[in-house]
Every structure is written in C-alpha cells, then in structure tokens.
Amino acid sequence: MRTREAKLPDAERIHELISVYSGDGTLLPRTFAEICENVRDFVVLVRDRRIIGCGALHLYGQHLAEIRSITVDPAEQGSGGGKRLVKALLDQAKKHRVTCICLFTRKPEFFSQLGFAVAQREDLPDKIHKDCCVCPRFHFCDEVAMVRGELPKFAILPEPTRWLVKLQV
Ligand SMILES: CC(C)(COP(=O)(O)OP(=O)(O)OC[C@H]1O[C@@H](n2cnc3c(N)ncnc32)[C@H](O)[C@@H]1OP(=O)(O)O)[C@@H](O)C(=O)NCCC(=O)NCCS
C-alpha cells in the first residue's frame with residue numbers, strides 16, 4: 001500500500017470513492033468537475049495498482065490548509081490506509097510551509113491520534129467563508145473543527161470582502 005499525488009485519470013475513481021460517503025453527509029459531496037479542477041489537491045492510496053482511498057489538501061495560504069475528502073474504500077479500511085493518507089497530506093502541507101492544518105469531521109477520535117486537537121469554528125474564518133456560509137447545516141452543524149499547528153492570526157478572504165482580515169489573539 002502506498003500513496004501518490006493524484007492525476008486527472010484518477011478523477012473518476014476519486015469521485016466514486018467520495019460518493020460512497022457523501023449521501024449520508026459523512027463527506028461533503030464533490031462533483032466530477034470539481035474533482036478535475038482540484039485534482040492537484042488530491043493524494044491517492046494505491047494497493048495492487050488499484051486506487052483504494054483518497055484525500056485532499058486545500059491551501060488557503062501559508063497560514064492555513066484544510067484536509068478534505070479523506071476516505072478509504074469500505075472493504076479496505078482498518079489496514080492503516082487512512083493514517084497513510086493523513087501523513088501524505090501533512091507532508092504536502094510541510095512542503096508548502098503551512099503553519100496550521102484544519103479539518104471538519106464527525107470522527108474526531110481518528111484524527112486526534114494523528115496530532116489534531118479540537119478547535120473553535122470561529123478560529124477558521126477562511127473555511128467558514130468558503131464552505132460553511134453556504135452549507136444548509138450552518139446553524140446545526142454536527143462536525144467537529146480540529147487543527148494541528150499554530151492557530152491562524154489572520155484570514156485571506158476573496159473580494160469583495162477585505163482580502164486580509166486580522167484576527168483577535
Ligand atoms: C476515517 C477513515 C479514513 C479511516 O481509514 P482507515 O484506513 O480505516 O484507518 P486506519 O486503518 O489508518 O486507522 C488508523 C487508526 O485509526 C483508528 N480508526 C479508524 N477509523 C476510526 C474511526 N472512525 N474512529 C476512531 N478511530 C478510528 C484505527 O483503529 C487505527 O488505530 P490504531 O493505529 O491504534 O490501530 C475511514 O474509516 C473512512 O474512509 N471513513 C469514511 C469517510 C470518513 O469518515 N472520513 C473522515 C471524515 S472527514
């Protein structure tokens with residue numbers, strides 16, 4: 001079992017893997033087009049030349065990146081693949097010198113073993129602005145925000161909002 005950076009021909013399989021868990025809300029649904037567009041964010045888990053898992057690292061800036069869409073084929077879980085994917089994404093974050101990695105999950109126990117600690121959603125405005133604001137579950141979100149590293153001291157938001165927002169520390 002090994003991980004590698006994803007390529008465009010992997011997009012269909014990545015879409016399939018994410019779809020298994022997006023119906024019940026475990027993972028955010030990702031369209032095929034979205035996966036193609038962001039395929040360079042993805043790492044895949046391969047065994048015997050078959051893709052059995054995937055995960056993505058979305059870069060907001062050097063102050064913050066987010067682990068997203070992490071999943072292992074149900075038939076292949078419990079063999080260390082999930083852990084490998086997280087480590088590969090953390091390596092990517094290190095390569096880009098990102099100081100804080102966040103994620104939103106309903107499985108905090110899995111990520112706490114990998115050095116993530118529970119955080120407040122409000123500490124991560126980049127993420128709130130990107131996804132939460134348009135999420136139908138915004139007011140009754142049951143996901144736990146987690147971070148690894150130093151909490152961001154600012155956020156980079158797209159126009160027309162001021163692009164750089166300093167946070168209270
Ligand atoms: C979460 C997930 C990626 C883990 O993948 P996996 O290949 O089964 O995980 P691993 O085999 O690497 O497990 C690593 C460790 O985490 C533990 N673990 C695995 N899934 C867990 C869970 N749901 N809750 C708590 N601990 C978990 C394992 O027991 C193992 O512990 P150990 O090292 O002490 O034996 C996989 O269960 C999955 O795809 N789930 C559906 C999608 C999902 O929930 N994604 C994460 C939400 S954002």
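How many residues are in the hairpin that joins β3 to β4? Select β3 and β4 to find out: the hairpin joins them through 2 residues. Keep in mind that this is a predicted model, where local features need pLDDT of at least 70, side-chain atom pairs count only at pLDDT 80 or more, and totals for chains, interfaces and linings use all residues. Residues are numbered from 1 along each chain as its sequence is written.

**Stop 1: the sheet**

Show the strands. Strands (E, at least two residues) and helices (H or I, at least four) are DSSP runs, numbered from the N terminus. Two strands pair if DSSP finds at least two bridges between them. In general, strands of a sheet pair through backbone hydrogen bonds, either parallel or antiparallel. Here 7 strands form an open sheet with mixed pairing. Follow the order β1-β2-β3-β4-β5-β7-β6. β1 (2-5) and β6 (117-118) stand at the edges. Each has a single partner strand, so one side of each is left without a neighbour in the sheet.

**Stop 2: strand β4 and its partners**

Look for G61, which stands opposite L64 in β4. Now find β5 (residues 100-105): 2 bridges join β4 to β5, and this pair runs parallel. A65 stands opposite I101 in β5. The chain crosses from β4 through α3 to β5, and this β-α-β crossover is right-handed. That means that, with the strands pointing away from the viewer, the path from the first strand over the helix to the second runs clockwise.

Is β4 enclosed or open? A residue is buried if 20 or more other C-beta atoms lie within 10 Å of its own, exposed if 12 or fewer, and partly exposed in between, with C-beta atoms placed from the backbone. 9 of the 9 residues of β4 are buried, so β4 is largely enclosed by the rest of the structure.

Next, click S69, which is found in strand β4. S69 counts as buried because 25 C-beta neighbours lie inside 10 Å. Its phi is near 50°, a positive value in a residue other than glycine. Most residues other than glycine have a negative phi.

**Stop 3: two loops**

Go to Q62, in the loop between β3 and β4. Q62 counts as partly exposed, because it has 14 C-beta neighbours inside 10 Å. Two residues are in contact if their C-beta atoms, placed from the backbone, lie within 7 Å. Leaving aside neighbours within four places in sequence, Q62 is in contact with R97, V98 and T99.

Move to R97, in the loop between α3 and β5. R97 is exposed, with 7 other C-beta atoms within 10 Å. Phi of R97 is near 55°, a positive value in a residue other than glycine.

**Stop 4: β5 and β7**

Select β5 again. 5 of its 6 residues are buried. β5 pairs with β7 (144-149) in the antiparallel sense over 6 bridges. F104 stands opposite A145 in β7, and T105 stands opposite V144 in β7.

**Stop 5: the nonpolar core**

A nonpolar core is a set of buried Ala, Val, Leu, Ile, Met, Phe, Trp, Tyr and Cys residues joined through C-beta atoms within 7 Å. The largest one has 37 residues. I14, C54, L89, I101 and C102 touch the most other members. Elements that each supply at least two residues of this core include α1 (11-22), β2 (42-47) and α3. Zoom in on C54. Among the residues it touches are A6, I14, L17 and F42.
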